[in-house]
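Here is a short briefing on one protein model.

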Amino acid sequence: MEVSYKWLQEFIELPESPEDVGKLLTATGLEVEGIEKIDAVPGGLEGIVIGQVLTCTKHPDADKLSLTTVDVGADQPLPIVCGAPNVAAGQKVVVALVGATLHPTSGESFQIKKAKIRGSASEGMICAEDEIGLGTSHAGIIVLDPNGPASQLPNGTPAARYFNLEADYQIAIGLTPNRIDAASHLGTARDLKALLNRPLRLPSVDAFAINNTDLTLAIQVDDVTACPRYAGLTLSGLTVSESPDWLKQRLLSIGLNPINNIVDVTNFVCHDLGQPLHAFDADKITGGQVIVKTLPEGTPFVTLDGVERKLIATDLMICDGEKPMCIAGVFGGQHSGVSAQTTSIFLESAYFSPASVRKTAQHHGLKTDASFRFERGIDPNITIFALKRAALLIQEVAGGTVSSAITDLYPTPIDAFRVPVRYRNIDRLIGVKIDHTEIHRILEALDIQAESVQEDSFMAIVPPYRVDVTREADVIEEILRIYGLDNIPLSANLAADSLSEFPKTDPDQWQNRVGQLMAANGFYEILTLSLTRPGYNDAIRSSLTGDDVTLLNPLSDELSVMRQTLLFSALETLVYNLNRRQKDLKTFEFGKVYHKVKLEDGATKYIERMRMSLAIIGNQNPESWLQRGQPVAYHDLATAVQRILNLFRVKSFETQPADPALFQYGLTYVVNKKPVVSLGLVNAKLTKLVDLKQPVFYADFDWQALLKLASGKTRYEEVAKFPEVRRDLSLVIDKTISFEQISKLARQTERKLLRTINVFDVYEGENLGEGKKSYSVNFMLQDTTQTLTDVAIDKTMQRLMTAFEQELGAVIRK
């Protein structure tokens, strides 16, 4: 977005240079990307000043030349040889100093240098109109009125100031989408007003008057949702012509090309106040009606650029009694705009729904100054002020009279935002304590009022044009950007804070951590489709908790249902890689599974859950001359599963056999009576479905259940000072008893001294008896307060043996 430095000065006093203004704007968040000087005339009259002829005598060696001395505000008058016939002592003249470059009306530019003319020194030039590009006259030098403005200016005053031709500066602002309130000179000046604590100068519309009601139109809004406010009036007796210089210069200063005086005024007000306007040729409005409504899908409409467009049913249109005239808030029609023959207009000023304008502009690929503002949200309360401002300017540049009363359809006014703010949060987020008086000064300067002010809080009343300030953090940001980031000292320990409430367990963070862990252990992440074959779900129907979610319009029968497990996605990925000679694979995947259930009232509930899978196949390590390839085993997968559980700090769990429909053998880990992960060797019937002949070890995590177990707390203990003691037992027990039962019973029996328990040998044989097996188990004992004695060790082991004998029917082999 571009703004003009001189245009800004109409709204606020700015003695600062354009560069300084750019720094101020950047400090408020309106980042200035560049400043470009714009000369009103070529060269900008640089090096040309107002001077006074002190003496004037004939040149002794040339009849048509005069020798003059001219006061240009320097220590000494300048000697200048002048050839103009009208030069005389006492005149106020325009002088080009040595070094100035002149840009004449015709011909090449040239630079003024010190010279000797017929033997006389000349250190400058007294200028004529055409010599400095201000006209075509070369009859003589420019002689300024001695009793006019020149008499009040000291010698040496830049001529650009006298002729009101001082250079302007185009300031390019990188406007962020949330700051649409600043997309005008008024909006930009508001920030400077708050920052500099200076008053804002709004243009006066007191002179607005309704001259007659001879051209009154009936205005109707059918869609008040898409058009909450619509206003307009008519003007008659207009003369469409070229705009005056001041208006053209204003538009050119921000990169707009002048068109005609009526259109230029609407463009001027758009960039002046931020309110887009549109002017319709009143003579082309049939039926004396203006109707704001939508039209049937596919209705053709020719826009101002001559392109025929097919409307969609949600396009809001400005229509007359018979036809559409304009796409509301986006683009005008080819046959309703202002032309050279226009003598009366209907002038529109409205507030259109941002969502409606955005949808229309995106569909038709139209980006205009109007749609840019409407689709982000303009000020709904400046509508009438902008209408009056435009009407007065049109009368100034095109004549005419206001020929109707203002029609303003605004059935449901848009309320201000009410945002509760606490002072402690202001201090916490900004990092310093700001005096409450300064806080309220800043907010008031930003048109944010404070109500219900208490010792610890207040209610901020935010005007509706600040569409980006709807939360407490937004209000605090407004305070900070005006108070100044440079005024916030850096503390020794940098930190960040927020008003937002974040979940104690961040799923994305944990997913990233687990992904890094798996990648570090040689696993590759895969990402697969959620669509799958119905046959896959049918193969494990007995294990599923609900019915399939079926697509209404599937691309193919093979992708017609949503998956209920990640298993087949993993198996298909393994097959794909095996077919490409990648034999040793470790994969993991995060993905969702889907099913539906029938509720008691007959309604259908759709359920999606996040899962994580691991799959391994082939050898543990690639074959090489150093080692032979060793096939992966169950314990390789179990180790990976245990690492994930350790990451979540899940230390204790129970086990039960895994679902035989999925696994030939395996375990399900249960925590707090809820299954967390199942792992084992995939059933060969399932691998056969995807034409996979190798054994696959697979683990399936309930990711949501696992997240509930996550703990961010770390417990540290001092390293024990006293030695561990190992004792071994050989237990003969029934085959039905698992090591998990032994471990659980041991920990229940000895809670203080038992550190670890591990099985290091399992034996089955005829000499043990039918249905029996032998576990060789070691126990690590340690006391953190003293060295264990033989007496304490023997007592502990005796309690354990007694418990095994009584609870598990174990026989202790001695």
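A strand here is a DSSP run of E with at least two residues, and strands are numbered from the N terminus. With that numbering, β36 gives the largest share of the lining of the second largest pocket, five residues. The model is predicted.

**Second largest pocket**
- The volume of the second largest pocket is about 810 Å³.
- Its lining counts 32 residues, and T545, R611, P675, D700 and D702 lie nearest the centre.
- Two or more lining residues come from each of β32 (585-598), β33 (604-617), β34, β35, β36 (674-682), β37 (697-702) and α18 (703-709).
- By class, the lining of the second largest pocket has 16 nonpolar, nine polar and seven charged residues.

**Largest pocket**
- The largest pocket has a volume of about 1400 Å³.
- It is lined by 37 residues; nearest its centre lie F653, T655, F739, E740 and S743.
- At least two lining residues each come from α16 (634-647), β34 (654-657), β35 (663-671), α19 (739-749), β39 (754-763) and β40 (772-781).
- The lining of the largest pocket splits into 15 nonpolar, 13 polar and nine charged residues.

**Aromatic pairs**
- The structure holds 18 aromatic pairs.
- One of them is W510 with F648, which is stacked, at 4.4 Å centre to centre and 20° between the planes.
- W510 sits in helix α13 (residues 507-520) and F648 in the loop between α16 and β34, so this pair ties together parts 138 residues apart in sequence.
- W510 and F648 are both buried.
- Y634 and Y665 form a tilted pair, because their ring centres are 6.2 Å apart and their planes stand at 55°.
- This pair ties together parts 31 residues apart in sequence, since Y634 lies in helix α16 and Y665 in strand β35.
- Y634 counts as buried at 13% relative accessibility, whereas Y665 is partly exposed at 43%.
- Ring pairs also link W510, F588, F590, F648 and W703 into a cluster.

**T342**
- T342 is placed in the loop between β22 (331-332) and β23 (345-351).
- T342 counts as buried because its relative accessibility is 1%, and the cut-off for buried is under 20%.
- Beyond its neighbours within four places in sequence, T342 contacts L238, V240, D281 and G337.
- The T342 side chain makes a polar contact with the side chain of D281, at 2.7 Å.
- A polar atom of the T342 side chain also lies 2.9 Å from the backbone nitrogen of S339.
- The C-alpha atoms of T342 and D191 are separated by 39 Å, and the two residues are 151 residues apart along the chain.

Conventions: Residues are numbered from 1 along each chain as its sequence is written. This is a predicted model: local features need pLDDT of at least 70, side-chain atom pairs count only at pLDDT 80 or more; totals for chains, interfaces and linings use all residues. Side-chain values use heavy atoms; hydrogens and water are left out. Helices (H or I, at least four residues) and strands (E, at least two) are DSSP runs, numbered from the N terminus. Buried means under 20% relative accessible area, exposed over 50%, partly exposed in between (1.4 Å probe, protein chains only). Contact means heavy atoms within 4.5 Å. A polar contact is a pair of N or O atoms within 3.5 Å; within protein, one must be able to donate a hydrogen and the other to accept it, and residues adjacent in sequence count only if both atoms are side-chain atoms. On a 1 Å grid over the protein atoms alone, a cavity is a set of points where a 1.4 Å probe fits but cannot get out, and a pocket is an open set with protein on both sides within 12 Å along at least five of seven lines; lining residues have an atom within 4 Å of a point. Grid points are joined across faces, edges and corners, and a volume is the space filled by probe spheres set on the points. Ala, Val, Leu, Ile, Met, Phe, Trp, Tyr, Cys and Pro count as nonpolar, Asp, Glu, Lys and Arg as charged, and the others, Gly among them, as polar. Rings of Phe, Tyr and Trp (its six-membered ring) pair if their centres lie within 6.5 Å; planes under 30 degrees apart count as stacked, over 60 as edge-to-face and the rest as tilted.
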